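Subject: Structure for your files, with notes

Dear colleague,

Here is the structure I said I would pass on. My notes follow it.

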Amino acid sequence: MRCLQVSNQDLEERIPSYEELEKLENEEAGDRPKWDNKAQYMLTIVGFCVGLGNVWRFPYLCQSHGGGAFMIPFLILLVLEGVPLLHLEFAIGQRLRKGSVGVWSAIHPYLTGIGIGSMCVSFLVSLYYNTIMAWVMWYFFNSFQETLPWSQCPVNANMTGLVSECERSSPVDYYWYRETLNTTPDIDNTGGLQWWMVLCHVSAWALLFICISRGIETTGKAVYITSTLPYAVLTIFLIRGLTLKGSLNGVKFLFTPDMNELMNPTTWLDAGAQVFYSFSLAFGGLLSFSSYNSVHNNCEQDAVIISIVNGATAVYAATVIYTIIGFRATEKFDDCISGNILTLLNTFDLPEGNVTENNYDQVLHSLNGTYPEVIQGLNLKTCDLNSFLSEGVEGTGLAFIVFTEAITKMPVSPVWSVLFFIMLFCLGLSSMFGNIEGVLVPLQDLGVFPKSWPKEAIAGTTCVLCCLVGLIFVQGSGNYWLSLFDSYGGSIPLLIIAFCEMVGVVYLYGIDRFNDDIEFMIGHKPNLFWQITWRFVSPAIMFVIFVFYFITKVQETPMYKAWNPESENFPTLEEKEYPSWIFAIIFILAGIPGLSVPLTAIYKCLRNRCCKKDNEFKQDDLNTIAKQPLKLTLIDTLL
Amino acid sequence: MVSKTLNAPNGYKVRISLKTALGEDAYEWNQSEMFFFQATMAFAMRRHFQMETYNVDNIILCVQTSRVSFWFVVTSPDNTTMLIPKADVEKAVRMSRHRINNAFLLSDRTLEFLGIYPTLAAPVNPDTPPWLIVFGVVIGAVCVGIIALLISSLLQKRRKEKGMTEDGQDEEDMQVKGVENGINLDGTYNRGFTDDDRFTKL
């Protein structure tokens with residue numbers, strides 16, 4: 001069977017040769033867009049890699065896996081997994097000068113599935129990522145008030161007290177779950193579209209459209225702001241944070257190393273997964289962006305620089321976040337202790353100032369000795385600083401609940417709120433540029449849109465379509481859908497695609513050819529480190545992470561956390577099982593992008609075999625005539 | 001010593017937290033302050049019932065503790081053995097709560113009448129929610145941006161088409177002259193060596 005033989009002899013015909021590349025470079029001919037300068041390219045890539053995950057996923061992982069000790073697996077895997085994969089994507093994109101579908105179909109037509117898989121994942125991620133942007137915009141719009149709306153509970157209908165749902169939980173929780181999301185108690189109730197969220201959703205997509213309407217011509221300008229502003233805001237927050245009481249508690253909590261965590265395999269898995277997702281590999285966006293570079297751009301240097309910047313930003317953001325978290329935890333701890341002290345003073349009619357934070361434990365102990373039943377009846381809260389520090393410090397909970405609460409305790413809260421949400425918006429928007437690039441360019445390569453359509457029309461149509469599909473996420477149950485998409489659409493398929501990418505380049509494209517390409521582009525062959533990591537180490541790491549992830553996901557029953565005011569442990573989220581029809585959705589999310597690799601290969605193979613005989617003669621003709629002009633003209637002159 | 005709950009159906013317990021309210025500037029709670037309290041309560045009763053007969057003696061205090069808490073009852077000015085019912089006292093206190101608080105430089109939280117809950121402040125409901133205003137501004141800017149973008153791309157297109165029809169000949173010459181490294185070569189290009197005949201004519 002001919003299609004099983006992986007012959008790549010027609011490779012040269014599908015990819016530009018070195019002479020053609022030099023010609024393109026020197027004459028600046030060709031209609032592919034180009035970066036105005038290197039800074040734009042670097043800022044775009046940094047923006048794509050540095051996203052919300054650096055702010056709300058990495059600090060949590062760091063703190064939960066042994067603080068400072070987590071740096072060790074993180075850095076090791078950054079070097080062994082992140083940098084080689086990044087260099088590979090940059091180099092192959094720069095060499096083949098096409099988007100993800102174009103690159104993989106050039107390497108081998110059967111590998112087009114990798115490009116299609118990348119496109120599907122980018123599409124799914126874009127859908128829900130922009131909803132997070134809509135949430136950020138909602139909070140941003142609401143920050144322009146003197147008392148932030150999430151700082152106090154609203155009064156109930158007949159003005160006798162505070163709204164019960166809010167009183168039982170907290171103002172920030174209530175504002176997030178009720179006034180922003182208006183969540184339903186489970187994923188089956190859709191709850192209908194929430195009009196205020198629809199407005200924010202539409203404005204998020206409209207803003208994105210303006211920035212991407214002309215491809216890198218417009219995004220290249222936008223990244224000057226979206227990629228640099230977050231760093232400025234982080235620095236401002238760091239300075240503000242360090243002057244607040246209790247901030248150093250947070251930083252200490254974050255970085256206190258616990259070496260025992262290194263023995264735990266989950267730590268290494270989480271570190272590997274974080275490095276992988278943090279670099280936005282396998283989305284196709286990095287390939288596209290690199291293809292707009294000049295041929296002799298030093299992609300090796302770029303890969304190393306970007307990795308360092310990404311890692312450093314993660315650590316920096318973690319520090320800043322934890323200064324603020326430390327401040328909040330200390331405030332809550334102080335409030336808790338003061339509340340207990342007041343209760344004691346009131347019950348025992350002791351003069352004020354008799355019981356302070358310092359002697360609280362002694363006094364409580366002595367009172368417990370003399371009046372144990374009374375003390376029991378008081379239901380004093382246990383105040384533990386560490387439990388406040390570990391509350392809800394990941395994902396949307398961090399940004400919209402914990403951090404917003406911390407902001408309400410800072411003086412001049414609206415200013416900090418505005419700054420924080422602008423920063424989140426910029427972080428997310430710059431990542432969206434990469435996601436959308438990974439959708440638009442393959443669509444153009446596949447010829448889905450007519451060639452006569454201008455770039456703006458293509459971008460506009462895609463944005464409108466994504467906006468409409470994304471309305472799933474702005475209904476009452478939208479939050480649950482979003483975490484579903486995040487867990488299944490944005491995780492397993494990427495691992496499969498990245499593994500196939502490495503194998504495809506190293507073994508199908510040929511590592512020797514790849515080495516020669518890099519020598520042509522940057523002037524020297526990649527050294528031993530790259531050879532070992534590309535050939536063995538990185539694919540092995542990817543494979544291990546994929547297997548473990550897959551096994552964990554398949555073994556556990558998929559559960560989700562619901563906000564249900566009727567549940568028993570009310571303020572704590574209720575763990576619910578997904579209904580059975582969700583499994584079909586999970587299969588679509590995780591299966592289709594992942595399966596697109598083998599399915600496209602089979603499809604192409606079958607099509608090849610069917611129409612092979614007819615096409616063979618025509619194809620050969622065209623190849624000899626079109627690809628060898630020099631030969632014919634020489635013969636011409638000789639004759 | 002655990003604080004007692006008196007069986008006083010018409011009395012109210014008052015709790016004062018001076019240090020919490022005033023910190024360093026807290027004044028000392030002594031008998032004169034107690035007298036001031038009696039006077040304030042008498043004032044509140046006068047104000048509510050609009051009877052000028054209430055006096056300091058009508059406010060009876062007991063069970064004073066160092067927490068600074070005490071109980072008080074109000075006797076009727078006409079008959080000192082009769083106590084004013086709890087509900088009336090509550091109404092009087094509610095009416096003059098603000099004045100009572102200010103007299104002692106305290107607040108609802110630091111001068112507590114146990115059993116009389118502070119009325120909640122009515123929520124301020126602006127006509128247009130502030131977020132809609134900001135949203136309007138942002139969306140307006142976005143619309144202006146989109147329109148500017150579409151207009152500029154239309155203009156670009158028109159300029160390109162004009163350029164093509166007017167100097168089509170010049171453009172061809174430019175291409176043929178050869179642009180090396182962005183510098184136009186001077187001199188005449190020898191058309192004998194153009195490769196516009198890539199394919200041998202049959």
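Of the 202 residues in chain B, 29% are buried (under 20% relative accessible area, with exposed meaning over 50% and partly exposed in between, using a 1.4 Å probe and protein chains only). Please note that this is a predicted model, in which local features need pLDDT of at least 70 and side-chain atom pairs count only at pLDDT 80 or more, while totals for chains, interfaces and linings use all residues. Residues are numbered from 1 along each chain as its sequence is written, chains are lettered from A and ligands numbered from 1 in the order in which they are written, and side-chain values use heavy atoms, with hydrogens and water left out.

Chain B

Chain B has five helices and six strands (DSSP runs, H or I of at least four residues for helices and E of at least two for strands, numbered from the N terminus). Their order along the sequence is β-α-α-β-β-α-β-α-α-β-β. Among contacts in chain B with a separation of 6 or more, 56% are between residues 24 or more positions apart; contact means heavy atoms within 4.5 Å.

An unreviewed UniProt entry annotates residues 131–155 of chain B as "transmembrane region". UniProt positions are given in the numbering used here, feature names are shortened, and annotations may be inferred rather than shown by experiment. In the model this stretch, residues 131–155 of chain B, is 100% helix and 0% strand, with its end C-alpha atoms 36 Å apart.

Chain A: the annotated site

The unreviewed UniProt entry gives "binding site" for A:Gly47, A:Val50, A:Asn54, A:Ser278, A:Asn310, A:Leu427 and A:Ser431. These positions are spread over 385 residues of sequence but cluster in space, the largest C-alpha distance being 12.9 Å.

Two of them can be described further. A:Asn54 is in helix α4 (residues 52–56) of chain A and is buried because its relative accessibility is 2%. Beyond its neighbours within four places in sequence, A:Asn54 contacts A:Cys49, A:Pro59, A:Ser278, A:Asn310, A:Thr313, A:Ala314 and A:Ala317. A:Ser278 belongs to helix α15 of chain A and, at 10% relative accessibility, also counts as buried. Not counting residues up to four places away in sequence, A:Ser278 touches A:Cys49, A:Asn54 and A:Asn310.

Chain A: helices α6 and α15

Helix α15 (residues 265–278) of chain A packs with helix α6 (residues 71–96) of chain A: their axes come within 9 Å and cross at roughly 40 degrees. The pair α6(A) and α15(A) is therefore oblique (angles under 35 degrees count as roughly parallel, over 145 as roughly antiparallel, 65 to 115 as roughly perpendicular and the rest as oblique). Axes are lines fitted to C-alpha atoms, for helices over the stretch in contact, and angles run from 0 to 180 degrees between N-to-C directions.

From α6(A), the residues in contact include A:Phe74, A:Leu78 and A:Leu85, and from α15(A) they include A:Trp268, A:Ala271 and A:Phe276.

Chain A: two buried histidines

A:His87 lies in helix α6 of chain A and is buried, with a relative accessible area of 0%. Leaving out residues up to four places away in sequence, A:His87 touches A:Cys299, A:Glu300, A:Ala303, A:Ile518, A:Trp530 and A:Trp534.

A:His201, in helix α11 (residues 195–212) of chain A, is buried at 0% relative accessibility. With the same exclusion of residues up to four places away in sequence, A:His201 touches A:Thr131, A:Ala134, A:Cys467, A:Gly470, A:Leu471 and A:Val474.

Regards
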